[in-house]
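Happy to walk through this one with you. Let's take the labels one by one and see what stands behind each.

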Amino acid sequence: MPIRLRVALVFALALAVAFALGGWLFVSQLSAAMLRSTDAALAARLSQVGRYTEDDENPRSPAVARGRPAPGEYIIQVVSPSGRVTRASPDAGIIPLLSPAEQQRARHGRLTLTRTLDEEPERLMAVPLGGDRHGSVAIAGISLAPSNTTLRQITGGLVVGGAVFVIVAGIGAYWLARAALAPVERLRREVAALSERDTGSTVRVPGTHDEIAALAGTMNDLLVRMHGALARQQAFVSDASHELRTPFAVLRGELELAGRPGRSREELSAAVASAAEEADRLTRITDDLLLLARGDEATLTLSPARTDVAALLARSAERAGARAAASGVTCRVDAPAGLSAVVDAGRIRQAVDNLIDNALRFAPRGTEVVVSAGLAGPMLVIEVRDHGPGFPPSFLPHAFERFARPDQGRAREAGGAGLGLSIARAIAQAHGGRATARNHADGGAVVRLELPSTPQPAPEPAGPPE
């Protein structure tokens, strides 16, 4: 059911309930007022009983014995202590209007009641005469048929008028809701007309500065983020395809050469070794991509435990020792003994290994790579610094993007896929921390991991920097 129809129905229902309640209160108050007016008139008639009575000695005269009065006429009776009608107005009849018990109650004070006489509602009032509890009782009555007819007419008019009013108000509410929701429907049509190829399209923002305009602005922000995410995804797929194509091409070439006749054993061994190296590279790339995908989906599993951070960094430096020595670079660990934190040792070791590999890739011969760690309040800070040329200023905003390299040709020749910094950031975020990159004032690049020293809930996965 459309919202505008639901709004109109709810409005009409609420209005009908309110109108019915108001009408009931009005009719109730009107009925009570009319009844009070009738009682006042009956009291006035009772104060002048003599004007409406006939001869005491002839209660059965033809004037007394006539039929019931016409609607709106007052009837008067005076009933003796013995229960006999001694005086009566025309059309009052000779049968007492009150029962003996009611006559006895009337002798003690005013009695007012409503009853049906001759199939018509009558209002009766009785008072004692002369103040004697054992004396006569004066009774006055009048038909309520005219009042009831008036109330029925008023009630019918309220019902018909209220129904018309509610229907008209419901139709008005429907058109008002339709007019109010027209901009929303326009936004829906514009969004429905967008496609994945409309990378720069947005919806029109009305100049009303109301909730609809705010919705349109929020929707445009969402579209911009979605377009950015789609562009990054397309770039990621393109970069991954390009990165995987090279080792696949090399692997295929080596296998084709190995399959040619006349190859020597040494040539076959070299071809198999080269193919194995490319297969290892493919495995590393796919493993890295899988880790990054799990980080994007917040499903990167961690096994945090109390870890000796200094020993962990020492093992990473020892692993890189052979490569560092071959490059003429030293790798030094600067961390206080006994430094510990609750982290996933395997994941942190993986992040630090990637950072050291990146640093060794660009560190000049004769320099050192420093791996330091310490506590800064509740955070564990790990830094890897080299003394190379540092990051190009234009590269820093994109340092943690996947397949991003500060020097495309040099990094590719060194075997880098441009995923090391992305992996380090994903691991830091999974721990509830962050990763940053900067250039040191004395030269060289510095990559910093800030991790909670105690377990923290992982934040929502963030996309690559814009």
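Q: What makes a group of residues a patch here?
A: Patches are built from residues with over 30% relative accessible area and no salt bridge; like charges are joined within 9 Å, and nonpolar side chains (Val, Leu, Ile, Met, Phe, Trp, Tyr) within 5 Å. Accessible areas come from the Shrake-Rupley method with a 1.4 Å probe, and for residues only the protein chains shown count as cover. In this model, V159, V160, V164 and V168 make a nonpolar surface patch of about 370 Å².

One note on the source: this is a predicted model, where local features need pLDDT of at least 70, side-chain atom pairs count only at pLDDT 80 or more, and totals for chains, interfaces and linings use all residues. Residues are numbered from 1 along each chain as its sequence is written, and side-chain values use heavy atoms, with hydrogens and water left out.

Q: Why is V160 called exposed?
A: Buried means under 20% relative accessible area, exposed over 50%, and partly exposed in between (1.4 Å probe, protein chains only). V160 has a relative accessible area of 55%, so V160 is exposed. Its place is in helix α3, residues 145-193; helices (H or I, at least four residues) and strands (E, at least two) are DSSP runs, numbered from the N terminus.

Q: Is L151 buried or exposed, and how do you know?
A: L151 also lies in helix α3, but its relative accessibility is 12%, so L151 counts as buried. The C-alpha atoms of L151 and S31 are separated by 7.1 Å, although the two are 120 residues apart along the chain.

Q: What makes α1 roughly antiparallel to α3?
A: Helix α1 (residues 3-46) and α3 pack at an angle of about 160°, with axes 8 Å apart. Axes are lines fitted to C-alpha atoms, for helices over the stretch in contact, and angles run from 0 to 180 degrees between N-to-C directions. Angles under 35 degrees count as roughly parallel, over 145 as roughly antiparallel, 65 to 115 as roughly perpendicular and the rest as oblique. That is why α1 is roughly antiparallel to α3.

Q: Why is α6 called oblique to α8?
A: Helix α6 (residues 309-319) and helix α8 (residues 345-362) pack at about 40°, with their axes 10 Å apart. That angle makes α6 oblique to α8.

Q: How do you know that R448 and E383 form a salt bridge?
A: A salt bridge is a side-chain nitrogen of Lys or Arg within 4 Å of a carboxyl oxygen of Asp or Glu. The closest N and O atoms of R448 and E383 are 2.6 Å apart, and the pair forms a salt bridge. R448 lies in strand β12 (residues 445-452) and E383 in strand β10 (residues 379-385), so the pair ties together parts that are 65 residues apart in sequence. At 23% R448 counts as partly exposed, while E383 at 16% counts as buried.

Q: What makes R434 partly exposed?
A: Its relative accessible area is 46%, so R434 is partly exposed. R434 forms a salt bridge with E450, with the closest N and O atoms 3.0 Å apart.

Q: Why is helix α10 called largely enclosed?
A: Of the 11 residues of α10 (residues 420-430), 10 are buried, so this helix is largely enclosed by the rest of the structure. Among the buried ones are L421, I423 and R425.
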